[in-house]
Amino acid sequence: MMTVDMIKQELTKAAETVLERRYYLKDENGRALENWDTLCRRVADAVADVDREQDDYDFLRDSFFNMIYHLDFLPNSPCLMNAGTDLGQLSACFVLPIEDSMNGIFTSIRNGALVHKTGGGTGYSFSRLRPKNSAVQSTQGVASGPLSFAAVFDAATETIKQGGKRRGANMGVLRVDHPDILEFIYAKEDQTRFTNFNFSVAVTDKFMDAVKTGQDYDLIDPADGTVVNTLNAASVFDKIIDLAWHNGEPGVLFVDAANRANSTPQLGDFEATNPCGEQWLLPYESCNLGSINLGQYIVERQLDWDRLAKTVHLAVRFLDNVIDCNRFPIPEIAEMTQKTRKVGLGIMGMHDMLIQLELPYGSDEGRNCSAKVMQFIRDEAEKASVELADMKGPFPAYNSQFNHYPPRRNAALTSIQPTGTVSMIADCASGCEPYFSIVMMKHVMDGDKLLMANKHFERIARQEGFYSEELMTRVAESGTVIGHEEIPEKWQDIFRTAQDISPENHIKMQGFLQTSGVDSSISKTINLPSTATRDDVRLSYELGFELGCKGLTVYRDGSRDSQVLNTGKESDNDMTAVVSSQGVVHKKKLPDVLSAKRYRLKDANENTIYLIVCFDDNENPMEVFAKFPFDNRVDLKDKSTMWTTTCRLVSLALRYQIPMDEIIKQLDRSSGHMLDLPAQLGKLLKSFMAGTQRGFSSACPECSGKLVFEEGCEVCHDCGYSKCS
């Protein structure tokens, strides 16, 4: 067994930053008490302790350590954060039931708060709640409906920080045949609502069949199973598509496909998933996750199957042990989790593997290879779980009458989960996603720019002689390797990024992986270009359904937090000019209609302020406005005036094309007064500079970097922030 003394693991600077910010234990002053070595020892020792009485304990403890330390496998964030600590809650995924009673609803809110406090994410199905305006006999009143209670869950989540390190995240699900489905579909059209939820519609096979034939379908009251109305399925599907085209929500969950793969049907049906959709769970079930770094298993363009098999067996043992050393938030979760002992063994670095094998992600060869690897992992995980059942017994709910597979230790074994922050630690592509960018331009202090090239691309570019700083800059500015004549076509194809790959090929990859070796589901984003139409979204959903996917999330680039308006091409007459000591300085003439984004901020006294930023057709910020709900308050009049004046001056500077880094520099120097508007504006403008490729997205709330959509969630590649983890 290789020890740490033989090979010291070198981490990237980004990995160290993420670890220090989120994972290392700290003292009362916020100073890190750990390094990568001691963190891995803490986690390995805590999880191996379950087998202290086993003959292989010492070997197991060292093997767990080496597997994590050398980045071959990493467990989910709660395990890295909490193993060996007093908190001791190591699972990432939970589903909680919501019963149709006031006591049931608020019990679930309480339980969710306890889960969030310990670092987990929760999934809820609101499908059991009676529809809006239906009778409530106990009070002689009428029901307020699922959406009103979802708002209460959202508000409760807003107040809870997950373990001090992870923000509360939820999945909200409503069946497509619930009478309130139209209200649910439109619920997140206003993006200031339900900000702690991902919303997905639980779509049935019956509904999809009705969509194809243009027929109506029944809306069913969950209280008594009666049909209360009918809707045209195609019309409802159009509405789902329209909202997903606008901002990526709601997603769709193919609930019947999930239940066909339910390994414990005697315990009930699946109704909901965890926040990112990869883990279908029964009420009160939880699941701990971990990911194998596939890029670690390629040697001279060959996959080391034997070493991969050993890691799979070791990882299953690790994840099974986590169940026994876990401290669950409530007794019901402990009971149900130990009854089924589900684990979620997944992957990351799949794109790294394909790059090293010189296979394009979007090709048949790339899909077949990935599916073959995932099936191998699933088969080896099954062998490992059967061996553990021989050693420790099968999961308690195992019943050969219902469970038509050999006795095994775990009711479910594989899923493909988000790995946003852990893949930053491992310096690899996240989950089964392709890389989002190959060369990034990061803006640092005093207007300096730092080029960050993908390790594989830089290595190959240098080996094959087409590397140059000028090329790297152009790739960063364009956001793609496609179309640069210095780069051979072979490598252009292999290094296609998420948005260079067609939606069809994204979905085919998900479908191949789902049907080859994934017990539960897959967290993946189908990236669409900003020019994608509603028909593109429709085809994505229909193809995903046909290929056997259990859920789907689409995101059209630039659609979140903005309304895309066509302002027309800028002409020579759109410019005015003045003469100064610097020569001719042009002032941009703005069209009558601009696209805009609104940002909601809070001052130190929790007053709400809105910043509205308007953009030209190239998505360059041109004007900034501030709006204050407290305009009429005398005590805040001076602050309001200061904000308005500052916004006008910044807008004028933007229209006169003052370099943005110069504007930011002056704002930074002016920070610290009133509501600190200069600092807020500076952070926004920095985020725009970071996001000039492929349109603007939301800014990271922690570092103001660019948020991108991957694995069904918003993530920041600068600091490791994830809205869902």
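At what relative accessibility does Phe 106 stand, and does it count as buried, partly exposed or exposed?

Modeller: Phe 106 counts as partly exposed, because its relative accessibility is 39%; buried means under 20% relative accessible area, exposed over 50% and partly exposed in between, with a 1.4 Å probe and protein chains only as cover. The model is predicted, so local features need pLDDT of at least 70 and side-chain atom pairs pLDDT 80 or more, while totals for chains, interfaces and linings use all residues. Residues are numbered from 1 along each chain as its sequence is written, and side-chain values use heavy atoms, without hydrogens or water.

Phe 106 belongs to helix 5 (residues 102–117); helices are DSSP runs of H or I with at least four residues, strands runs of E with at least two, numbered from the N terminus. With Met 102 and Val 152, Phe 106 makes a nonpolar surface patch of about 270 Å². Patch members have over 30% relative accessible area and no salt bridge, with nonpolar side chains joined within 5 Å and like charges within 9 Å; a salt bridge is a Lys or Arg side-chain nitrogen within 4 Å of an Asp or Glu carboxyl oxygen. The areas are Shrake-Rupley values with a 1.4 Å probe.

For a buried counterpart, turn to strand 28 (residues 707–710): Leu 707 and Phe 709 on one side, and Val 708 and Glu 710 on the other, are all buried. In a regular strand, side chains alternate between the two faces of the sheet. Strand 28 runs antiparallel to strand 29 (residues 713–716), joined by 4 bridges; strands pair if DSSP finds at least two bridges. Phe 709 has Glu 714 as its bridge partner.
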